[in-house]
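Please open the model in your viewer and keep the selection panel at hand. The tour goes from one selection to the next, with a short account of what is there.

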Amino acid sequence: MSSLEEALEQYPREPLLRGPTPLHRLDYLSDDLGVNFYIKRDDLTEMALGGDKPRKMEYEMAKAVAEGADTLVTCGSAQSNHARLTTATARKMGLKAYVVLSNDEYKSFQGNLLTVYLMGAEVRIVDTEDHWDLEKHVTDLLEELKAKGLKPYFVPVSGSTPLSSLGYVRGGLEMIRQLDELNVKLDAVYTPFGTGASFTSILMTMRDKGIECPVIGISVNRKGERLRENLEHWWSSVSELLKQDPTRDRGKYEIYDEFVGREYGDPTEACLDALMKMARTEAVLLDPVYSAKTFSGFLAHHKEGRWKKGDNILMVHTGGVPAIFAYHKFIEAHLKKRGVAIYDFELNKKDDIRPSSPHPVS
Ligand SMILES: Cc1ncc(COP(=O)(O)O)c(C=O)c1O
């Protein structure tokens, strides 16, 4: 059995990242919370407002190129980050892009959807019960494109496949190198859990390198047993690709589903408070669908007294920030609820403007 690094080297990769993303301590937040809070800035991957997808697409695109694809096809919610970054990837590689998006509550011409149109993807909006269950709609589109003589390549929701998961094995190795350089021994890692592909790859990489702290996933969509089933699916399929023993110990991991809210994308009160807190202590922008939900999970655990002074916590910021513009009404209402006076442009009046405190969220 080869090392993880050697096994990874066997797979070709289309370079879509310029280099490592920053990993550093957030000093104000750490002082505020009494723990050492570190962040991995995967929101700062270089392509089209950044996020986790370029890491995944590096491996997936090597396969698309080998198969002679001329068109990328994907699907997601109306505010899909993955649709934005698949469109961007197509542009970087001179391919056509088609995206199938759900006709959901957050479908305004803002944020991710705006960038998808701007970068010139062909957009199909469809009615669906489940924002992530769109593959049946994609099947028809793939047939249509093939009938036109195109060579479409389908990238599933969230860009998650066993092959693309290698991007977060590589990302996990990068993270571990950076922590070594900073001489930081972690007590926990928090990361969003969507399909669970990136979570599982990070978990696997940490175990491979003998880092035993809990890896904590905050579910943004699914609930219950399905989360663990997803983890097991990615664990065995990625192990197979990398010729690692699929039975090896997963170590300590936790997945929480109580921060989702009503449904995927629900801007819960806790997540809007988390978004506000991070913005006002560190000027790091989170998003209401993934990163602020993850941070809200950490804040809830912190409030329960789980983390003690001096603990080293890392949060992986996987991006998603363009969605804040699509959620502007929710964010505006939340800021008002927390006492921020906002100029009312519609009425054209200044209503009781008060300076806001730098740390209004406890
Ligand atoms: C910003 C962001 N973070 C995290 C995820 C979820 O990643 P995964 O499906 O690997 O769990 C997504 C999925 O689209 C995303 O857009």
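Which of the 18 residues around the ligand come nearest? Keeping in mind that this is a predicted model, select Gly194, Thr195, Ser198, Thr318 and Gly320, which are the residues that come nearest to the ligand among the 18 around it. Helix H8 gives the most to the shell around the ligand, with three residues. If you now colour the shell by residue class, it divides into twelve polar residues, five nonpolar residues and one charged residue.

Next, colour the protein by its two domains, taking 4-51 together with 165-337 as domain 1 and 53-159 as domain 2. Why does the ligand lie between the domains? Domain 1 and domain 2 both give residues to the shell around the ligand, and therefore it lies between them.

Then turn to the two domains themselves, whose C-alpha centres lie 24 Å apart. Across the boundary, 30 residues of domain 1 are in contact with 30 residues of domain 2. On the side of domain 1 that touches domain 2, select helix H7 (162-182) and helix H12 (323-326), each of which supplies at least two residues. Helix H7 gives the most to this side of domain 1, with five residues. Colouring this side by residue class, as was done for the shell, shows 17 nonpolar, ten polar and three charged residues.

Definitions and conventions:
Residues are numbered from 1 along each chain as its sequence is written. This is a predicted model: local features need pLDDT of at least 70, side-chain atom pairs count only at pLDDT 80 or more; totals for chains, interfaces and linings use all residues. A residue is near a molecule or strand if its C-beta atom, placed from the backbone, lies within 6 Å of it. Helices (H or I, at least four residues) and strands (E, at least two) are DSSP runs, numbered from the N terminus. Ala, Val, Leu, Ile, Met, Phe, Trp, Tyr, Cys and Pro count as nonpolar, Asp, Glu, Lys and Arg as charged, and the others, Gly among them, as polar. Domain bounds come from an automatic or database domain assignment. Two residues are in contact if their C-beta atoms, placed from the backbone, lie within 7 Å.
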